[in-house]
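Subject: Structure handover and notes

Hi,

Here is the structure I promised to pass on. My notes on it follow below, with the cut-offs included.

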Amino acid sequence: MTDVSPIPDVLVVGSGPAGAMVARDLARAGARVRILERGAGPPPGNQLLGLLRRKEAMHIAPGVVLLRSLRIGGGSVTFYHTATPPPLALFARHGIDLCAALQRVQSELPHAPLRDDLLAPIPSLLMQSGQSLGLPWQPLPKMIDQSRCTPAGCPPEAFWSARTLLEQAVAHGAELCCGVQVSRVLFEHGLAVGVQARQNGEAQIFRAGRVILSAGGIASPAILQQSGVEQAGNGFFCDPLRIVMARVPIARQSQDISMSAGYYDFEAGLMLSDITVPAHFFRAFTWAAGRPDQLLGYGHTAMIMVKIRDDIEGRIDAHGRPWRRFGPGDRLKMRTGVEQARAVLKAAGAGKPYASPWIAAHPGGSVRLGELLDERLSCHSPNLHVCDASVIPEPWGLPPTLTLLALGSELARRLSQEP
């Protein structure tokens, strides 16, 4: 087993939004930072079978597949650039004031509702139809540099991802190591001293003065269990969703920006928005819904995402295998949301709507703040921290990116002020 040196001040395990932010800010403050990322960049294609082979798609319940991102930049390279501010009161109850961190993040990164002239015809039609039914359907805040966009579309560089933060971290001296799968944290005398991992098939030990797990809602609790924290992974949320589809009299355009507009009903625990999925996913969903008559209708199909705030249930084991069931409350929320989506499509003049199977997205709540973590996001040891969606202490239901960026910024601020 190789012991990698020299020893940095901080190891950050994972390069998603939270990990990239805490790494960038600590490196900018003068810390020696090493980032360990399991992925090695965007693999070719996103076919479902390929995602299953790479464990970016996992069965988590009967008939339910969870999608995650094992790539440089984590979920920020596969999400739909929707940025909802964190529920500040939720974190304040656990001793974390995210107000200043949120302001820092918003001052630095693109964050604004999508401009009206960037709304493509189908998202615009769905927004008008939702509003006609009295729903508060509005353009959603997007992490897109809209100054680079025209009504003809947005160039790829306009879409924000955590890769920008990683580039800045490296410019400040951080080291990014790819293809590293961390298995457990190493402790000596009650302190975290590094991690055990495999890189290119070879066992490695990476040592550091501090370890920050930002490997995501599935991997972080699995690593902690392998490290002796058995309570990690006891329950999680996964914000399940269904996509309700129907043929409309207008055509989809290539510049459609997914999740352009929609609304969130906090009391009901529902979020509805337009969505655009790749054509191969559309065909799979359409076939699963028993609508082979619509397999060739991708270009004229309007899609509405119905996402719910599910209960924290189930278990993630030490091998990173999640499993759970969805209770009556979850099913009632989903049924209510699907009925609303059908009504919106009907108001838009659509044909007979149909719904995809359940899909799960951005898992979290598996290493909860206030249970396994203190206000410093410390777990089991004062110099072992967790900073990703797994720390969220309650059922969620929101796009998490802006929250994770704020958490990363706040953790970096606290640690950089410590002796």
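How many aromatic pairs does the structure hold? There are six of them, where the rings of Phe, Tyr and Trp (its six-membered ring) pair if their centres lie within 6.5 Å, and planes under 30 degrees apart count as stacked, over 60 as edge-to-face and the rest as tilted.

Before the details, two points on the source. This is a predicted model, in which local features need pLDDT of at least 70 and side-chain atom pairs count only at pLDDT 80 or more, while totals for chains, interfaces and linings use all residues. Residues are numbered from 1 along each chain as its sequence is written, and side-chain values use heavy atoms, with hydrogens and water left out.

**Aromatic pairs**

One of the pairs is phenylalanine 91 with tryptophan 396, edge-to-face at 6.5 Å centre to centre and with 75° between the planes. This pair links distant parts of the chain, 305 residues apart: phenylalanine 91 sits in helix H3 (residues 88-92), and tryptophan 396 in the loop between E23 and helix H10 (401-416). Helices (H or I, at least four residues) and strands (E, at least two) are DSSP runs, numbered from the N terminus. Phenylalanine 91 counts as buried because its relative accessibility is 0%, and tryptophan 396 is buried as well, with a relative accessible area of 3%. Buried here means under 20% relative accessible area, exposed over 50%, and partly exposed in between (1.4 Å probe, protein chains only).

Tryptophan 137 and tyrosine 263 form a tilted pair, 5.9 Å centre to centre and 50° between the planes. The two are 126 residues apart, with tryptophan 137 in the loop between helix H5 (121-132) and strand E7 (138-139) and tyrosine 263 in strand E15 (residues 261-265). Both tryptophan 137 and tyrosine 263 are buried.

**Charges over rings**

Arginine 252 lies over the face of tyrosine 298, at 5.4 Å from the ring centre. The criterion is NZ of Lys or CZ of Arg within 6 Å of the ring centre and within 35 degrees of the ring normal.

**Helix H7**

Why is helix H7 (residues 219-226) largely enclosed by the rest of the structure? Seven of its eight residues are buried, namely Ala219, Ser220, Pro221, Ala222, Ile223, Leu224 and Gln225. These buried residues pack (contact means heavy atoms within 4.5 Å) against several strands, among them E2 (10-13), E10 (180-188) and E23 (381-386). Just after H7, glycine 228 takes a positive phi of about 105°.

**The cavity**

A search of the whole structure finds one cavity of 30 Å³ or more, and the largest cavity has a volume of about 50 Å³. On a 1 Å grid over the protein atoms alone, a cavity is a set of points where a 1.4 Å probe fits but cannot get out, and lining residues have an atom within 4 Å of a point. Grid points are joined across faces, edges and corners, and a volume is the space filled by probe spheres set on the points. The lining of the largest cavity includes Ile96, Glu375, Leu407 and Arg414. It divides into five nonpolar, no polar and three charged residues, where Ala, Val, Leu, Ile, Met, Phe, Trp, Tyr, Cys and Pro count as nonpolar, Asp, Glu, Lys and Arg as charged, and the others, Gly among them, as polar.

Best wishes

Definitions and conventions: On a 1 Å grid over the protein atoms alone, a cavity is a set of points where a 1.4 Å probe fits but cannot get out, and a pocket is an open set with protein on both sides within 12 Å along at least five of seven lines; lining residues have an atom within 4 Å of a point.
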